[in-house]
Amino acid sequence: MGAATNRWKMSRVPSKTDGLIGPNAILQLLPILDRLGGSERRKQILARAGIFDVPDGTSMIPETQAARLHRQMRIEEPEMAPVFAREAGTRTADYILQNRIPAPAQWMLKTLPATPAAMLLARAIAKNAWTFVGSGKLTVVNAWAFSIEKNPLVTGETSHVCLCDWHTGVFSRLYQVLVCPSATCHEVRCCAQSTDGSCHFEITRRSSFETQANLS
């Protein structure tokens, strides 16, 4: 069963010294910025982030570019930035589901009980982590928890709240579609808040009792 989840159709795996991340870390934000204030507003934010050539989506991009754009969005739209980043993460996961994870692997995960499916998905995410975390290091704690060491999208930031909303959007959607519809990813501690240099994520699910109560 694991063989199916190993065949994610990604481009070449970069070395850890490349400092590259998947282009969706930028591309999936662009439609959201367009909604915010049209193409001129998008161009303004991109320019202030030092991005003058938009990725074409065919290759990995410097993680520093993505980090600058996410940081600039937090500066200019502090209240809405978490919502925008999470939506962009959701859109990124949708792209992965449509273009990168083979249909047989998706079918297999959907037919398994939640915990075995979650473990297989977690392992597949870890094998392809470079597209999410660039030069950072993603560690699978268990089927329902991850940590990212030296997350390049927030490295050097200081905040009293968690900042990795793009990642929570990605992980939430993948788990919702492939493991459990009620799954939601939460960042429980961010490297911007702590001194250990790691961001910690947990996937939670509503119990069947809670789901039934919400429907009644």
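How are H3 and H4 oriented to each other? They are oblique, a label for angles that are not under 35 degrees (roughly parallel), over 145 (roughly antiparallel) or 65 to 115 (roughly perpendicular). The axes of H3 (residues 30-48) and H4 (residues 63-76) cross at roughly 120 degrees and come within 11 Å. The crossing is right-handed.

Before going on, keep in mind that this is a predicted model, where local features need pLDDT of at least 70, side-chain atom pairs count only at pLDDT 80 or more, and totals for chains, interfaces and linings use all residues. Residues are numbered from 1 along each chain as its sequence is written, and side-chain values use heavy atoms, leaving out hydrogens and water.

Now for the aromatics. Searching the whole structure turns up five aromatic pairs (ring centres within 6.5 Å, using the six-membered ring for Trp; planes under 30 degrees apart are stacked, over 60 edge-to-face, the rest tilted). One of them joins phenylalanine 132 and phenylalanine 171, edge-to-face at 6.0 Å centre to centre with 65 degrees between the planes. Phenylalanine 132 sits in helix H8 and phenylalanine 171 in helix H9, so this pair ties together parts 39 residues apart in sequence.

Another pair, tryptophan 144 with tyrosine 175, is tilted: 5.8 Å centre to centre, 50 degrees between the planes. Tryptophan 144 belongs to the loop between strands S3 and S4, while tyrosine 175 is in helix H9. Phe132, Trp144, Phe146, Phe171, Tyr175 and Phe201 form one aromatic cluster.

Technical notes. Axes are lines fitted to C-alpha atoms, for helices over the stretch in contact, and angles run from 0 to 180 degrees between N-to-C directions. Helices (H or I, at least four residues) and strands (E, at least two) are DSSP runs, numbered from the N terminus. A crossing is left-handed if the near helix is turned anticlockwise from the far one by less than a right angle, and right-handed if clockwise.
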